[in-house]
Amino acid sequence: MENHNDNHQQSGEVKAVYTCPMHPEVRQDAPGRCPKCGMSLVKEGDPQNRHGDEGPGAVPHDRHPKEVDVGAVAHAGGKMYTCPMDPDVIRDMPGECPKCGMELVPMDTGGDHGVHAGHGGAEQDFKRRFFVTLPFVLAAMALSPNIQQWFHFRWTVPGGNLWLFLIGAFVFFYGGLPFFKASKGEFSHRNPAMMTLVAFAITVAFAFSIAATFLFPGNSLYWEMATLISVFLLGHWLEMRAVRGATGALAELAKLIPPSAHLVKDADIVDVGTSQLAVGNRVLVKPGEKIPVDGNVVDGESSVEESMITGESRPVAKHIGDAVIGGSMNQDGSLTVEVSKTGKDTALSQIMQLIREAQGSKPNVQHLADRAAQVLFYVAVAAGALSFVFWYFVFPQGAIFAATVAVAAVVVACPHALGLAIPTVTSITSTLGAKNGILIKDMKGLEIARKLDYMVFDKTGTLTKGEFGVTDIVLAGTVVANANELLKFAAAVDMLSQHSISKGVVGEAKKRGIAMPEAKSFKSFPGRGATAIVDGKNIVVGNRKLLDELRIAVKDIEVPASAKASTPVYIAVGNTFAGIIFLADIVREDSKEAIRKIRAMGIRTAMLTGDTQDVADAVGRELGIDTVFAHVLPEDKVNKIKELQHGGTIVAMVGDGVNDAPSLTQAHVGIAIGAGTDVAVASADIVLMRNDPQDVVKAIALSRKTNRKMIQNLAWATGYNVFAIPIAAGVLYPSYHLLLPPAWAAILMSASSVIVVANALLLRKEKLA
């Protein structure tokens, strides 16, 4: 390949090189797709072609649509496509919806081409066809003898019936085309539903009208058919607008990434596209700007707003060496950031991928709704057929009456409200969860969370910080003047140790502002402690066993009750026992409040820890835990979850470590806290971005609010059909002479869909406790 290119260059011809926006190491001499991520390769050096052009080697857009790596596509400025009627369908290339056969439309991902997403798509098509056909619909109504009779006016034109036919034909073919195309897609995917019913209803009305015009004299249904199509066009336009407002999780997150960044090149600052940044690049982030990619601060300090990504409401201080997240907002200082991750590896891209997976997953209640919607199609067809038979043969009212009732029965029973009832709620749930730092990987897990009996917490790193802090300092006689002097000697030695307990001692000394002198002749005793010379004195810091080995006498001293569940560190100064520093794993500030709120929800709590029983009981009492399991080895955690599950108890597990992964999987709902480890996140149903136990409370609240909206939508969609179908079929006509015209049936059907979407949108305003 290299020689081939060289020959072209020597002959004066420069051959184009194509590369992947996300994997610049992929280089080809022809267009095509990246073998790593599947994105279209772009011509090197062509900044206007960042979105990629299809070439001879590329897979055509209408073939083989695949699930999208939304993070990579959005970060590279590419497009994502979704179905306007099935918002859980997301692809990285145009095509047809696998559910209903409609053409996929671009999602608004905040890029240059996404600002007017939907323009030229199905939503705008329905709008355009509605306004184009509206004058013809009004003309058909004005020419209709029935309308003239009802409104007491007369308007005759030569060849009136022929004009009605021509107007009706135009409205039928032009206005009805989207429904015919979509019904073909539904049939091709063996999923007949709403569009099939609409196409069937208007075809019956048009065919009957042609027969009444040319085959036998009688009243036609041209104006009914025309108004029916007009109302459906209007209803679908408004419905798609509502659905678009309900599917904003990915769009809102994608907009967080700025389109350009200030690249630091030697002494210059150059503005480049964010998608062109590579690992190791340095970028300048000015006050008030968004951080373009994940990285580490190498110069400057500032506070950064990360709420849209982590749910952390307070700005986080950033200094040299601190990590920053792409999409977060820099506030009051300039930062120079070295890029550590790009493309699909960034935190935001991974969050977006989790959201896409969540929107693709279905709670059990949605499977029920899907089955009901499929059944409803056949109910609608049967209702229409039986209505015609009844009013034409059993209770004869004439062919026009029977056909009108049949069309109304078919139209009013369209199952779209039932099909939208759950997906719109789950889409908004993803958005609301992401805004609160809650990432839902599987909607089934969130659905189960509303009926939990037990919430199990891993102690270290979940309820506690996993960091040791000093609880008490007890002096032994007058070897040292005070507690601060004892802490000074111990911290001076522990400064040279990496043990977690040593870090706790040093941290306490720093907190108290104690100056730590230099330690010399440091010697470590693994598992027991260390010794060193400090201010000319031999200092021993360790456990009781180390002092016994060094033949340092330890006399009994009174230990306060608060220290009995803590870890003791013995200190000797000048080979004389001087006192004990007690340390304990620091309980998170919000853990106690989180446990209180969970118990108030009627959920019992449990804690798993490998600590001794007295330490575990002390933490349990402090937090108000119902059940405490101590001396639990990592491999035994799963058995404790099984023990709690015995008898049908619904159990959730909250953890953050590798050894939590099996128990997260065993639990009915696995919750990884603080993003945890990769293994823990992979095993969890719900991922919490922050190390805050109170976010567990928010996740449960989100589950319950989501379930409430689902039930409301299902109740409305089901109840609507229970009452609407019999009324449209004419059940009230014999007693009250009440009949539902097809146009009104269409209005009711469209309104029912808009109502379930509007109800789902109310979830956006909910506050998670």
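**Rings, a patch and a buried alanine**

Biologist: Let's start with Ala205: which residues does it touch, leaving out its neighbours in sequence?
Modeller: Not counting residues up to four places away in sequence, Ala205 touches Leu221, Met225 and Val407. Please keep in mind that this is a predicted model.

Biologist: And is Ala205 buried or exposed?
Modeller: Ala205 counts as buried, because its relative accessibility is 3% and the cut-off for buried is under 20%. Ala205 has its place in helix α6, which covers residues 194-214.

Biologist: How far is Ala205 from Ala226?
Modeller: The two are 21 residues apart along the chain, and their C-alpha atoms are separated by 9.4 Å.

Biologist: New topic, then: how many aromatic pairs are there?
Modeller: The count comes to 22 aromatic pairs. One of them joins Phe170 and Tyr174, whose rings are stacked, with 5.4 Å from centre to centre and 5° between the planes.

Biologist: Where do Phe170 and Tyr174 lie?
Modeller: Both Phe170 and Tyr174 lie in helix α5, where they are four residues apart, and that is about one turn of the helix. Phe170 is partly exposed at a relative accessible area of 31%, and Tyr174 is also partly exposed, at 24%.

Biologist: What about Phe388 and Tyr392, how are those rings arranged?
Modeller: Phe388 and Tyr392 form a stacked pair as well, with 5.4 Å centre to centre and 15° between the planes. They lie in helix α11 (residues 364-394), four residues apart, again about one turn of the helix. Phe388 has a relative accessible area of 28% and Tyr392 has 35%, so each counts as partly exposed.

Biologist: Going back to Tyr174, which charged residue sits over its ring?
Modeller: That is Arg129, whose charged end sits over the ring of Tyr174 at 4.6 Å from its centre. Elsewhere, Lys488 lies over the face of Phe489, at 4.8 Å from the ring centre.

Biologist: Which residues do ring pairs link into a cluster?
Modeller: The cluster linked by ring pairs consists of Phe165, Phe172, Phe173, Phe180, Phe206, Phe214 and Tyr222.

Biologist: Last one: which residues form the nonpolar patch on the surface?
Modeller: The patch is formed by Leu162, Trp163, Leu166, Phe214, Leu215 and Phe216, which together have about 670 Å² of accessible area. Helix α5 (residues 160-188) gives the largest share of the patch, three residues, whereas Phe214 lies in helix α6.

Methods. Residues numbered from 1 in each chain as written. Predicted model: local features only at pLDDT ≥ 70, side-chain atom pairs only at ≥ 80, totals over all residues. Heavy atoms only, no water. Patch = residues over 30% accessible without salt bridge, like charges linked within 9 Å, V, L, I, M, F, W, Y side chains within 5 Å. Areas by Shrake-Rupley, 256 points an atom, 1.4 Å probe, with all protein chains shown as cover. Salt bridge = Lys/Arg side-chain N within 4 Å of Asp/Glu carboxyl O. Helix = DSSP H or I, 4+ residues; strand = E, 2+ residues; numbered from the N terminus. Phe/Tyr/Trp six-rings, centres within 6.5 Å; stacked < 30°, edge-to-face > 60°. Buried < 20%, exposed > 50% of the residue type's maximum accessible area, 1.4 Å probe, protein only. Lys NZ or Arg CZ within 6 Å of the ring centre and 35° of its normal. Contact = heavy atoms within 4.5 Å.
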